[in-house]
Amino acid sequence: MWKAFAIFYVLSLAFGLVIGATLLLGLWDEMAYGIKILGSVSLVMALATAIGLVAYAFNLQVPPFGFWRPYSWLLGILLAGLSLISVVRFAAQFEGGDDLVSLLWLSLLLLVNYFSWLGVWRYGRRVSVLA
């Protein structure tokens, strides 16, 4: 399961980078400086998460070994905040109607956030025991 999830995560990250780069190149000059910084930090964190997931799924040893455990907690805080924002936005838009598609997208987002954190956390725990 972890191998399939790691491949899914890396492929969706690559697809997102291609689409995001295409869209952002046209809007780069008009974007605020804070948005550029936040986007850069998110990109670096997504790449580190992909490396951690692939390392965990395929039983690789990726240095620096002391980085992964604290990074997993930082990633957990970030993903918990993003998940909370997504749930609040969904609850604000929910009008009591049948909004099944939005609920499915929210569920998928929450599952991807949880499993990406869990994979990096498990990898950080495994590497810290080996070191």
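Student: Ok, so Ala, Val, Leu, Ile, Met, Phe, Trp, Tyr, Cys and Pro count as nonpolar, Asp, Glu, Lys and Arg as charged, and the others, Gly among them, as polar. How do the residues lining the largest pocket divide?

Tutor: This is a predicted model. In it, that lining divides into 22 nonpolar, 9 polar and 1 charged.

Student: Which residues lie nearest the centre of that pocket?

Tutor: Tyr9, Leu13, Ser42, Leu43 and Ala46.

Student: Which elements give two or more residues to its lining?

Tutor: Helix 1, helix 2, helix 3 (68–93) and helix 4 (100–130).

Student: New topic. How do the axes of helix 1 and helix 2 cross?

Tutor: At roughly 155°, and they come within 9 Å. Helix 1 covers residues 2–27, and helix 2 covers residues 33–57. Angles over 145 degrees count as roughly antiparallel, so these two helices are roughly antiparallel to each other. The crossing is left-handed.

Student: Which residues meet there?

Tutor: On helix 1, they include Trp2, Phe5, Tyr9 and Leu13. On helix 2, Leu43, Ala46, Leu47 and Tyr56 are among them. The contact has 15 nonpolar residues, 1 polar and 1 charged.

Terms used: Residues numbered from 1 in each chain as written. Predicted model: local features only at pLDDT ≥ 70, side-chain atom pairs only at ≥ 80, totals over all residues. Heavy atoms only, no water. Axes fitted to C-alpha atoms, helices over the stretch in contact; angles between N-to-C directions. Helix = DSSP H or I, 4+ residues; strand = E, 2+ residues; numbered from the N terminus. Parallel < 35°, antiparallel > 145°, perpendicular 65-115°, else oblique. Left-handed = near helix turned anticlockwise from the far one by under 90°. Contact = heavy atoms within 4.5 Å. 1 Å grid on protein atoms, 1.4 Å probe; cavity = no way out; pocket = protein on both sides within 12 Å on 5 of 7 lines; lining within 4 Å.
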